[in-house]
Amino acid sequence: MGVRQWIEGWPVYRQLTGQDPLGRGAAVTSDHTRHLRARTEQADKVVKSICPYCAVGCGQKVYVKDGRVTQIEGDPDSPISRGRLCPKGSASKQLVTSPSRVTTVLYRRPYGTDWERIPLDKAMEMVADRVLSTRRDTWQDEEDGRPTRRTMGIASLGGATLDNEENYLMKKLYTAMGAVQIENQARI
Ligand code: SF4
């Protein structure tokens with residue numbers, strides 16, 4: 001590189017002689033920066049979604065390449081968040097891609113000191129058995145002479161990411177079972 005070329009590449013020289021006298025743009029942009037490309041440019045497709053972390057329900061754009069999530073950003077079309085995500089929502093890509101993500105059922109039996117991996121089918125059976133026996137053991141037909149026909153042994157506390165339809169189905173299910181303690185955090 002010649003001396004002249006070196007001087008012309010110097011940010012202060014570019015700032016004093018170019019179109020960027022305040023040094024906030026082209027004058028201070030290095031070659032390295034100029035050639036950086038957003039990873040979103042490489043995406044095969046963009047899928048609209050909702051942040052799963054809390055009840056605000058911010059809109060997200062999920063960038064996918066070769067079937068894998070490569071980036072998650074705020075969705076400017078969302079009337080709720082208008083393109084913004086808080087730090088949790090911005091980091092939600094890790095929910096999908098983190099190597100420490102738990103993808104199997106873990107069970108720790110009473111008095112057990114360690115987690116055991118069990119098949120999903122077995123875990124579902126165990127949950128169903130417990131629901132049935134709890135309902136049977138705690139069923140109240142009446143209290144103080146008044147009919148109740150309920151169980152106080154089962155309660156439901158839903159998460160923020162359950163949507164209207166899921167909460168509708170959960171309410172139906174729990175009410176049909178006789179549970180009366182049903183709550184959710186959904187605002188979506
Ligand atoms: S981005 Fe933040 S505020 Fe928005 S839904 Fe996710 S966790 Fe809630």
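Me: Which residue in β7 stands opposite Glu-143?

Reply: Opposite Glu-143 stands Arg-146 of β7. The model is a predicted one, in which local features need pLDDT of at least 70, side-chain atom pairs count only at pLDDT 80 or more, and totals for chains, interfaces and linings use all residues. Residues are numbered from 1 along each chain as its sequence is written, and side-chain values use heavy atoms, leaving out hydrogens and water.

Me: What makes β6 and β7 paired strands?

Reply: Strands pair if DSSP finds at least two bridges between them; a strand is a DSSP run of E of at least two residues, and a helix a run of H or I of at least four, each numbered from the N terminus. Four bridges join β6 to β7 (residues 146–157), and the two run antiparallel.

Me: Why are β6 and β8 called edge strands?

Reply: The open sheet has three strands in the order β6-β7-β8, with mixed pairing. β6 (139–143) and β8 (179–183) each have a single partner strand, so one side of each lacks a neighbour in the sheet. From one strand to the next, the twist averages 40°.

Me: Which helices pack on this sheet, and which strands does each touch?

Reply: Helix α6 (residues 120–138) touches β6 and β7, and its direction makes about 145° with that of β7. Helix α7 (residues 164–177) touches β6, β7 and β8, at about 155° to the direction of β8. These angles, on a scale from 0 to 180 degrees, lie between N-to-C directions of lines fitted to C-alpha atoms, for helices over the stretch in contact; contact means heavy atoms within 4.5 Å.

Me: How do you know whether the protein chain is spread out or a compact globule?

Reply: The chain contains seven helices and eight strands. Its radius of gyration is 28 Å, well over the 16 Å given by the globule rule for 188 residues, so the chain is more spread out than a compact globule. The radius is taken over C-alpha atoms, and the rule is 2.2 Å times the number of residues to the power 0.38. Along the principal axes, the C-alpha atoms fill a box of roughly 95 × 40 × 30 Å.
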